[in-house]
Amino acid sequence: ELDSKDLLRLADQVRAKLGDGGAVVLGSAGDGKAALVASFGPAAQEAGLSAAEVIRGAAALIGGGGGGRDNVAQAGGRDPSRLGEALASAREAIESKLG
């Protein structure tokens, strides 16, 4: 039940530990809402990944929207019951882009 600010801070910390090629997407649910954040390192972006693109696709599954930049993006939605599905979708998007 982290708010989006704390969730983003955690995603940035995890991504920093992974190095320049890290791509992290985290989610949280609480109070009938869901939040997603993505933090992508420079090498991940050079490989063609966009945090904003990944977040937009996942956000649709939680009944919301989101956006951001290639390196960091956030989303919110009204359907926390689909948070697991949204995170799985984000993972698939990252894996398919990386081959």
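**View 1. Arg78 and the residues around it.** Leaving aside neighbours within four places in sequence, Arg78 is in contact (heavy atoms within 4.5 Å) with Gly32, Ile62, Gly63 and Gly64. This is a predicted model, where local features need pLDDT of at least 70 and side-chain atom pairs pLDDT 80 or more, while totals for chains, interfaces and linings use all residues. Numbering runs from 1 along each chain as its sequence is written, and side-chain values use heavy atoms, with hydrogens and water left out. Arg78 sits in the loop between strand S4 (72-77) and helix H4 (83-98); helices (H or I, at least four residues) and strands (E, at least two) are DSSP runs numbered from the N terminus. A polar atom of the Arg78 side chain lies 2.8 Å from the backbone oxygen of Gly63. Arg78 counts as exposed, with a relative accessible area of 67% (buried is under 20%, exposed over 50%, partly exposed in between; 1.4 Å probe, protein chains only).

**View 2. Ser50 and its partner Asp70.** Look in the loop between helix H2 (42-46) and helix H3 (51-61) for Ser50. Ser50 is buried, at 12% relative accessible area. Not counting residues up to four places away in sequence, Ser50 touches Phe40 and Asp70. With the side chain of Asp70, the Ser50 side chain makes a polar contact at 2.9 Å (a pair of N or O atoms within 3.5 Å; within protein, one must be able to donate a hydrogen and the other to accept it, and residues adjacent in sequence count only if both atoms are side-chain atoms).

**View 3. Val14 in helix H1 (residues 4-18).** Val14 is partly exposed, with a relative accessible area of 32%.
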